[in-house]
Protein chains: 4
Amino acid sequence: MRRFTEESVWRKSVDQEDIVEKQLQNKSRSECGTDIKDELHEECGVFGAYNLKGEDIANWVYYGLFSLQHRGQESCGIAVSENRDIRYYKDMGLVSEVFTPENLDKLHGDIAVGHVRYSTAGSSVRANAQPLVTKYIKGTLAIVHNGNLVNAVDLREELEKNGAIFQTTIDSEVIAYLVAKERVTSRSVEEAVAKAMQYIKGAYSLLVMSPRKITAARDPFGFKPLCLGKRDDTYVVASETCALDTVGAEFIRDLEPGEIITITEDGVKSNRQYCNMVKPARCIFEYIYFARPDSVIDDVSVFASRIMAGRILAQSHPVEADMVVGVPESGNAAAMGYSLESGIPYGQAFVKNTYVGRTFIKPKQSMREQSVKIKLNVLKENVKGKRIIMVDDSIVRGTTSANIVTMLRNAGATEVHVRISSPPFKFPCYFGTDIPNGDQLIANHHTIDEIRQLLGADSLGYLDCNRMNEMVKDLEYCDACFTGNYPVDPPTRDIRGDMEV
Amino acid sequence: MRRFTEESVWRKSVDQEDIVEKQLQNKSRSECGTDIKDELHEECGVFGAYNLKGEDIANWVYYGLFSLQHRGQESCGIAVSENRDIRYYKDMGLVSEVFTPENLDKLHGDIAVGHVRYSTAGSSVRANAQPLVTKYIKGTLAIVHNGNLVNAVDLREELEKNGAIFQTTIDSEVIAYLVAKERVTSRSVEEAVAKAMQYIKGAYSLLVMSPRKITAARDPFGFKPLCLGKRDDTYVVASETCALDTVGAEFIRDLEPGEIITITEDGVKSNRQYCNMVKPARCIFEYIYFARPDSVIDDVSVFASRIMAGRILAQSHPVEADMVVGVPESGNAAAMGYSLESGIPYGQAFVKNTYVGRTFIKPKQSMREQSVKIKLNVLKENVKGKRIIMVDDSIVRGTTSANIVTMLRNAGATEVHVRISSPPFKFPCYFGTDIPNGDQLIANHHTIDEIRQLLGADSLGYLDCNRMNEMVKDLEYCDACFTGNYPVDPPTRDIRGDMEV
Amino acid sequence: MRRFTEESVWRKSVDQEDIVEKQLQNKSRSECGTDIKDELHEECGVFGAYNLKGEDIANWVYYGLFSLQHRGQESCGIAVSENRDIRYYKDMGLVSEVFTPENLDKLHGDIAVGHVRYSTAGSSVRANAQPLVTKYIKGTLAIVHNGNLVNAVDLREELEKNGAIFQTTIDSEVIAYLVAKERVTSRSVEEAVAKAMQYIKGAYSLLVMSPRKITAARDPFGFKPLCLGKRDDTYVVASETCALDTVGAEFIRDLEPGEIITITEDGVKSNRQYCNMVKPARCIFEYIYFARPDSVIDDVSVFASRIMAGRILAQSHPVEADMVVGVPESGNAAAMGYSLESGIPYGQAFVKNTYVGRTFIKPKQSMREQSVKIKLNVLKENVKGKRIIMVDDSIVRGTTSANIVTMLRNAGATEVHVRISSPPFKFPCYFGTDIPNGDQLIANHHTIDEIRQLLGADSLGYLDCNRMNEMVKDLEYCDACFTGNYPVDPPTRDIRGDMEV
Amino acid sequence: MRRFTEESVWRKSVDQEDIVEKQLQNKSRSECGTDIKDELHEECGVFGAYNLKGEDIANWVYYGLFSLQHRGQESCGIAVSENRDIRYYKDMGLVSEVFTPENLDKLHGDIAVGHVRYSTAGSSVRANAQPLVTKYIKGTLAIVHNGNLVNAVDLREELEKNGAIFQTTIDSEVIAYLVAKERVTSRSVEEAVAKAMQYIKGAYSLLVMSPRKITAARDPFGFKPLCLGKRDDTYVVASETCALDTVGAEFIRDLEPGEIITITEDGVKSNRQYCNMVKPARCIFEYIYFARPDSVIDDVSVFASRIMAGRILAQSHPVEADMVVGVPESGNAAAMGYSLESGIPYGQAFVKNTYVGRTFIKPKQSMREQSVKIKLNVLKENVKGKRIIMVDDSIVRGTTSANIVTMLRNAGATEVHVRISSPPFKFPCYFGTDIPNGDQLIANHHTIDEIRQLLGADSLGYLDCNRMNEMVKDLEYCDACFTGNYPVDPPTRDIRGDMEV
């Protein structure tokens with residue numbers, strides 16, 4: 001009888017897919033560093049640049065944001081400081097949609113920060129785009145922020161009690177208030193940022209541009225990455241090293257968890273007062289899925305960590321087969337690792353149509369089953385008659401994975417073995433990753449064998465939670481989405497919905 | 001020798017015209033209640049509606065804003081309250097450009113406020129569009145505002161000292177802070193608004209929508225109009241009565257200078273604590289030029305006041321002629337008044353091309369002299385051989401008027417007598433009217449006879465400052481732009497420029 | 001019983017209004033030379049310019065088209081000849097919407113033609129925008145055309161029998177084929193145009209630009225206006241003289257009915273072989289309504305003809321009253337004429353909101369009765385207690401007129417006398433005017449007294465058909481829409497619908 | 001001294017890159033089946049669908065065009081036949097940009113054809129978008145066309161002599177004329193198409209939709225692919241089989257070179273009168289680069305042919321190395337083939353940023369060297385210290401390849417061996433591929449060793465022209481771009497430039 005229950009849960013899950021997909025319709029990530037599942041979303045990427053020679057720098061931020069576009073596709077913006085004026089432009093859309101030669105040419109200045117943003121359904125509004133630029137008692141600030149505070153609601157309430165008003169629902173506005181408030185009794189913006197960090201809890205990689213400096217901060221847990229680079233006379237801070245490469249900057253170093261740096265005309269100063277206060281809790285999903293494979297975070301190559309995940313999978317879940325394939329794009333590296341470890345040839349089973357982007361009109365009911373095929377086709381000639389090991393980075397709701405297994409079988413695969421380069425995904429994230437709620441997570445309701453049956457796979461193997469450390473060379477990381485062991489207490493309340501429609 | 005100096009001033013003025021026109025390029029008022037001069041600008045119009053039966057009301061605001069579009073063409077917006085949620089949509093552009101069936105359909109709710117905005121060059125940015133919607137300790141507020149505070153900079157500074165941050169340069173944000181702050185110690189929003197009015201100085205006609213009520217306030221001087229109407233189960237507040245007509249509402253009454261009213265499910269309550277504290281100072285330019293002629297402000301018909309201005313002109317500056325004509329559109333009513341008083345037939349001398357709007361590409365140098373002709377052509381057949389009395393509402397820089405006089409002469413007018421239905425315009429306004437600075441005001445540098453010569457007119461007559469009271473049936477009004485007698489001290493500082501590009 | 005029938009017809013008419021208004025939704029003429037009825041539509045305006053000194057001339061056409069915008073608001077375009085290359089840009093929309101500095105700057109060349117277009121509902125598609133630019137055996141042609149051929153379907157069929165293919169449903173494509181065909185056996189384009197005119201029947205004012213000349217032709221009946229002007233080294237041809245004024249050109253003369261002129265580097269040559277073949281049949285509605293009042297067509301001032309129509313009305317349909325008012329804009333001139341003749345003062349009863357343009361969202365049922373009020377408000381203060389003579393240029397379906405009469409009464413008018421400056425409109429036009437079909441013409445089903453009752457007017461007077469000649473100084477004209485006496489046989493078939501959606 | 005000449009040629013080539021890249025700026029192919037070079041362009045893709053049950057089918061074409069988007073990104077369009085009316089929508093842009101739910105919903109009908117288009121710089125204008133829909137003596141036709149006629153200019157001239165006029169510069173308009181002309185003396189459209197094929201020479205895969213059928217034709221050489229499929233009651237014809245997969249259709253068969261099929265309510269009929277007349281000359285570049293790897297053309301898998309090319313390369317140009325990598329995306333399959341044959345592990349060296357699309361703002365001079373890096377980054381961690389075999393499908397101008405080699409060296413590669421899965425590219429194509437002219441082809445001016453030096457590679461190996469047959473299982477193909485042996489004489493003249501700007 002249990003079986004019936006399961007099936008009805010499964011069916012419900014499939015129905016919920018409609019709703020979820022509808023919500024995602026305008027925000028699918030279709031490309032670089034992305035899988036076709038549209039299910040897990042990073043919340044943001046930040047980029048800042050400071051030119052010591054007074055040259056315009058907004059175009060560096062523009063190119064930097066392109067390389068961070070995989071971290072957020074809903075809105076983006078750039079703020080510049082010219083003389084002492086801070087000016088900005090931001091809007092909903094991709095970097096290539098928001099910025100035109102005309103508006104980019106208006107952004108003069110030798111200091112600049114930029115942001116790409118993904119948001120949950122409710123707050124995908126223009127008002128929430130970043131940078132958040134505010135005037136306060138000492139001048140003007142532009143803030144960009146990646147991460148999620150767990151005590152934002154409490155902080156807002158506290159501020160409101162003292163008369164604060166809020167025009168957005170983003171954490172950056174809370175941070176702006178705290179910095180502004182602390183600035184009154186501080187000698188510098190960086191001192192005010194440091195004081196504000198006493199209050200804010202959770203995940204943040206943060207840039208605060210004031211007219212003559214950039215202050216960058218990474219939370220004490222180091223949830224989100226943030227790194228420093230330099231090219232000629234320009235300092236660059238960015239969410240990922242791939243953005244340094246894009247503008248031709250040399251990597252200097254990652255900010256330490258808890259570190260605050262200040263970039264001024266005198267160079268870079270560091271404040272480590274919050275370093276080593278807590279055990280770091282780097283987001284392991286940056287390595288598994290979010291970050292671009294060409295990035296290196298805290299001295300660990302993202303690509304290498306995925307190769308290693310594949311190798312571990314091959315050790316833990318070996319199987320005889322003819323070809324190892326990745327589900328593009330995010331499954332490819334782990335598939336290569338599996339291949340290297342197992343000796344089974346790496347091959348290509350899928351062709352992904354990357355033209356299917358945000359404005360794609362979804363099929364109506366009659367063509368519904370085509371939905372995945374429009375995005376992903378099987379290389380039938382290369383699959384027919386083969387035993388396939390199909391590697392993907394994660395399973396969220398499971399419906400897409402089931403579709404892909406079916407496509408492989410229809411193409412003539414004789415066996416399909418599914419290997420997942422992360423442990424079963426069971427718990428929500430409160431630190432800046434947008435995931436379906438627990439009800440929609442297949443691993444929440446099902447044993448691994450049940451999942452295997454639902455996918456229609458011949459075998460199914462997940463990465464062992466205890467071996468994730470091998471992926472990241474024993475770095476300390478957060479695995480709460482797999483274990484429920486949150487490094488800080490999750491928030492008890494949400495900020496109420498946005499006001500803009 | 002003096003003559004040379006004058007001419008060089010005049011030439012400079014013409015050159016400045018280039019600059020000013022460039023600034024105005026994207027914001028010309030081309031139509032209803034507008035002249036072709038593009039020189040004087042109202043700052044805003046407000047509209048609110050409250051339906052007692054719980055029916056959606058955003059479309060009423062949409063139509064109401066259409067009828068107030070002459071008060072501001074740069075940006076517009078609507079906020080609604082549905083259940084207890086306040087939501088809004090606003091953007092740069094005309095009402096017909098900003099609102100589509102799609103976004104209007106998203107604005108559900110039985111309480112709504114809207115705004116049309118004109119701004120000075122520096123702050124024509126999206127961030128400054130209204131309604132300003134903010135969350136604060138007690139919930140959410142949407143504020144729309146017509147007018148200009150004279151102590152906004154001081155108030156901002158004071159607030160900033162206590163930690164406030166500002167994301168716009170509009171007065172509404174200052175007001176929002178004050179209301180939010182006072183609300184903590186008040187029993188209601190209307191009480192908080194009343195307390196906030198202790199601090200704000202200057203011109204304001206204001207709507208504050210909280211989830212369950214609209215609080216409307218008119219400053220104690222009554223600079224800007226604000227009126228109340230009703231249709232069936234819906235209360236309406238609007239800048240002008242023409243907006244009541246548009247939605248079919250009956251006029252109930254104007255708000256008194258200093259009055260605060262609150263519209264709730266229980267109807268309308270009034271607070272007159274600020275009434276009769278000071279001598280009213282209604283903006284006389286509402287009657288002369290800004291307001292739509294079909295509006296009635298404080299019991300005086302705008303159209304009738306213009307007719308009266310024409311009659312006074314005919315009494316003070318009679319001249320023999322064959323035809324009285326108005327410079328469209330704003331000169332027409334006074335021209336009719338002149339005709340009625342003098343017995344000289346009213347006629348039409350001009351055809352205005354109202355297709356020439358905001359996106360019109362200005363002629364290059366070679367076609368430069370055509371700039372006025374593209375907007376305004378002379379009815380040669382009707383002008384030839386006639387002595388013309390040409391009535392306009394005001395002369396600002398004088399260059400356009402000179403062009404029009406030349407056009408009439410070229411069309412064969414034997415005499416051109418210019419009559420202006422307001423006194424010479426000499427002083428800047430600090431209460432919500434955007435005018436060129438003093439340097440560009442022709443009456444600032446020239447005697448009336450010099451102006452006549454510069455225009456190339458046979459005679460020139462302005463409305464006598466001492467008889468303006470006859471236009472408005474002895475209402476008390478502000479005539480500072482003619483006399484320099486400001487009812488409140490002008491501000492000593494400006495808010496520094498906007499941040500959005 | 002007859003009464004019931006009438007009422008049901010009336011109700012049907014009102015219902016049809018919905019449909020018609022829906023069709024018109026995207027194409028209302030809201031401004032210059034326009035009434036608020038949105039019921040009668042001119043089909044096109046043409047403008048050409050030839051600079052003898054080789055200077056770029058596209059911007060002249062741009063400004064010229066602005067002044068002809070009242071003749072068509074659906075699409076527009078400009079073609080230029082640079083060296084021997086003809087290039088064009090055209091699209092749906094107003095001149096101000098279609099042309100940007102970017103695309104206008106791409107149109108280099110010293111010869112240029114332009115077009116504004118209105119079309120019937122079925123063919124409002126981009127493919128039908130003009131100029132129509134085609135390559136043929138001798139090079140390239142750009143054709144712009146105002147008017148309607150009555151034998152277009154027959155000509156198309158004949159051409160198709162010889163292998164022609166058609167990509168649009170506009171007459172210009174038929175003309176292009178005929179000119180191309182005749183060009184093979186002709187020495188020049190103008191000779192080919194002349195030969196083609198043997199075949200085409202109906203109304204046309206036509207410009208044919210070939211790489212080195214403009215050939216302009218007006219049909220032998222002279223249905224549509226076409227005039228020639230010059231400024232410095234530039235010849236200009238245009239539908240109306242107001243376009244000459246706009247670019248500062250001197251009027252030289254109208255083309256005679258049947259005349260063909262050719263503008264080349266050697267100046268203007270004329271071919272009068274088709275002149276004086278038939279009795280001219282100028283469209284009388286150009287004078288009554290279509291043309292801009294500042295235009296002069298065939299030596300008759302449009303404004304003066306409207307003044308005269310008003311005078312005739314005052315003679316034929318006198319009535320005691322306090323004020324004569326026009327329904328804006330098109331009724332104003334005739335109202336002035338009525339005033340001058342009767343001695344009853346001319347006044348203003350209405351304020352029109354010209355911001356209500358093409359993209360206006362129509363009220364839903366609950367606000368339906370507001371539809372007219374949003375566009376047109378009554379100056380209550382100026383109407384109250386008065387006996388009003390309300391002058392309009394025509395009545396089509398009658399529903400709008402009835403609404404306006406009601407508005408005047410509600411505003412306190414004690415009597416409303418309607419005077420129409422044209423005869424009852426009873427027959428469709430086949431020569432380039434888009435009018436509702438006969439069923440929707442109120443005068444088709446009703447006596448004048450019945451119409452008066454339906455309007456709710458105290459009296460109703462139309463212009464006497466026999467006195468229209470006085471309006472136009474005994475010019476010969478077409479009055480088929482009033483009399484059914486068509487100067488050429490109407491077509492028996494329509495071209496089938498367009499293909500573009 | 002010769003060396004200097006070479007270098008100057010090289011520098012010239014680099015400078016020309018600026019120009020070429022500028023032209024390409026708006027038309028880069030950034031994704032599926034694309035390399036990052038933006039240098040070779042397919043001209044078009046076609047898709048048609050016929051539903052036997054009368055159901056709407058436009059959405060099938062919409063999804064089909066998505067899967068063919070790699071064949072053309074400049075414009076697209078869909079035409080439908082509903083009852084007997086043919087209607088269409090087309091515009092510049094990607095499928096996802098051109099089609100919205102609104103315009104797609106207007107396209108009803110059970111027969112439909114669609115098109116994606118790439119064009120050379122001069123003719124990238126809206127007028128040239130397809131389908132070309134024309135009316136002719138027997139009704140309406142919609143034509144979509146992939147390929148290039150070599151005698152189009154002659155045919156146009158011939159038609160023009162008989163009075164034809166042309167509004168575009170596309171071959172489809174010539175074809176439409178010929179079909180229309182032949183239709184007069186034919187019993188059916190398919191007969192007319194067959195007769196027209198007597199005249200047209202060159203490459204064409206063609207769909208002609210008449211109101212009740214689709215006629216599909218492939219030229220006798222079979223230059224371009226065209227295949228037939230079916231799903232339930234719907235027949236589908238498409239340029240590639242990947243489009244069949246996308247809509248869930250079963251592959252039936254390729255059209256034979258020279259075959260004409262007609263799809264009606266009675267099913268599919270075939271006319272093979274032009275089959276086997278000439279030796280087939282399939283475009284080998286479809287296999288090397290153009291087609292999607294998941295397509296199968298004339299029974300040869302595109303993916304398999306690329307794998308084979310890699311294997312041949314490994315046999316002909318073996319080298320000791322640590323890793324084989326492909327230049328994404330088009331080099332990947334051949335790289336896998338090289339790996340399989342050589343036993344050297346396949347790896348990943350690059351991450352491509354697919355967000356860098358058509359609207360990307362190119363870096364200015366100061367950031368110029370970043371141009372490639374923004375699109376493509378090296379996986380430094382995976383490259384460092386390794387001897388790399390880098391496989392790409394072709395070298396056109398060579399500058400991009402040189403940049404990529406440099407990137408690999410900078411990342412620490414100790415050796416870089418370049419392998420190209422096609423022979424040196426030396427001759428222009430006249431059959432539908434847009435390539436830089438001969439001057440810009442590096443292989444035109446340089447020996448292979450010179451190219452190696454210019455690229456900075458340690459070794460360089462091209463596919464042997466004599467072994468290409470092994471890639472395609474001995475199919476007959478056209479290799480003119482490598483050998484200059486054109487299967488039909490190239491055209492001697494071009495059609496003169498387009499008229500639209």
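Two residues are taken to be in contact if their C-beta atoms, placed from the backbone, lie within 7 Å. The legends below describe close-up views of a predicted model.

**Figure 1. The contact between chain C and chain D in the predicted model.** In this view, 29 residues of chain C are in contact with 29 residues of chain D. On the side of chain C that touches chain D, the elements giving two or more residues are β4 (85-92), β6 (132-136), α5 (152-161) and α6 (171-183) of chain C, and β4(C) supplies the largest share, five residues. By class, this side of chain C has 14 nonpolar, seven polar and eight charged residues.

**Figure 2. The rotation that relates chain C to chain D.** Chain C is superposed on chain D by a rotation of 180° with 0.0 Å of shift along its axis, at an RMSD of 0.0 Å, which is the relation of a two-fold axis. Among the residues of chain C, C:Ala164 comes closest to the rotation axis, its C-alpha lying at 3.2 Å. The same surface serves both copies, since 100% of the contact residues of chain C recur in chain D.

**Figure 3. The contact between chain B and chain C.** This contact takes 55 residues from chain B and 56 residues from chain C. Helix α2 (residues 58-67) of chain B gives the most to the side of chain B that touches chain C, with five residues, and the residues of that side divide into 29 nonpolar, 16 polar and ten charged. A rotation of 180°, with 0.0 Å of shift along its axis, superposes chain B on chain C with an RMSD of 0.0 Å; here too the same surface serves both copies, and 100% of the contact residues of chain B recur in chain C.

**Figure 4. The two domains of chain A.** Chain A is divided into domain 1, covering 41-278, and domain 2, covering 300-474, and the C-alpha centres of these domains of chain A lie 34 Å apart. Where the domains of chain A touch, 14 residues of domain 1 are in contact with six residues of domain 2. The domain 1 side of this contact in chain A comprises four nonpolar, seven polar and three charged residues.

**Figure 5. The crossing of helices α10 and α11 in chain A.** The axes of helix α10 (residues 302-316) of chain A and helix α11 (residues 332-342) of chain A come within 6 Å and cross at roughly 50°; α10(A) and α11(A) are therefore oblique to each other. The crossing in which α10(A) passes α11(A) is right-handed. Residues of α10(A) that make the contact include A:Phe303, A:Ile307, A:Met308 and A:Leu313, while those of α11(A) include A:Met336, A:Tyr338 and A:Leu340. Divided by class, the residues of the contact of α10(A) with α11(A) are twelve nonpolar, four polar and three charged.

**Figure 6. The crossing of helices α10 and α11 in chain D.** In chain D, the axes of helix α10 (residues 302-316) and helix α11 (residues 332-342) cross at roughly 50° and come within 6 Å, which makes α10(D) oblique to α11(D). A right-handed crossing takes α10(D) past α11(D). Among the residues that meet are D:Arg306, D:Arg311 and D:Gln315 in α10(D), together with D:Gly337, D:Glu341 and D:Ser342 in α11(D). The contact of α10(D) with α11(D) has twelve nonpolar, four polar and three charged residues.

Key
Residues are numbered from 1 along each chain as its sequence is written. Chains are lettered from A and ligands numbered from 1 in the order in which they are written. This is a predicted model: local features need pLDDT of at least 70, side-chain atom pairs count only at pLDDT 80 or more; totals for chains, interfaces and linings use all residues. Axes are lines fitted to C-alpha atoms, for helices over the stretch in contact, and angles run from 0 to 180 degrees between N-to-C directions. Helices (H or I, at least four residues) and strands (E, at least two) are DSSP runs, numbered from the N terminus. Angles under 35 degrees count as roughly parallel, over 145 as roughly antiparallel, 65 to 115 as roughly perpendicular and the rest as oblique. A crossing is left-handed if the near helix is turned anticlockwise from the far one by less than a right angle, and right-handed if clockwise. Ala, Val, Leu, Ile, Met, Phe, Trp, Tyr, Cys and Pro count as nonpolar, Asp, Glu, Lys and Arg as charged, and the others, Gly among them, as polar. Copies are superposed by least squares on the C-alpha atoms of residues with pLDDT of at least 70 in both. Domain bounds come from an automatic or database domain assignment.
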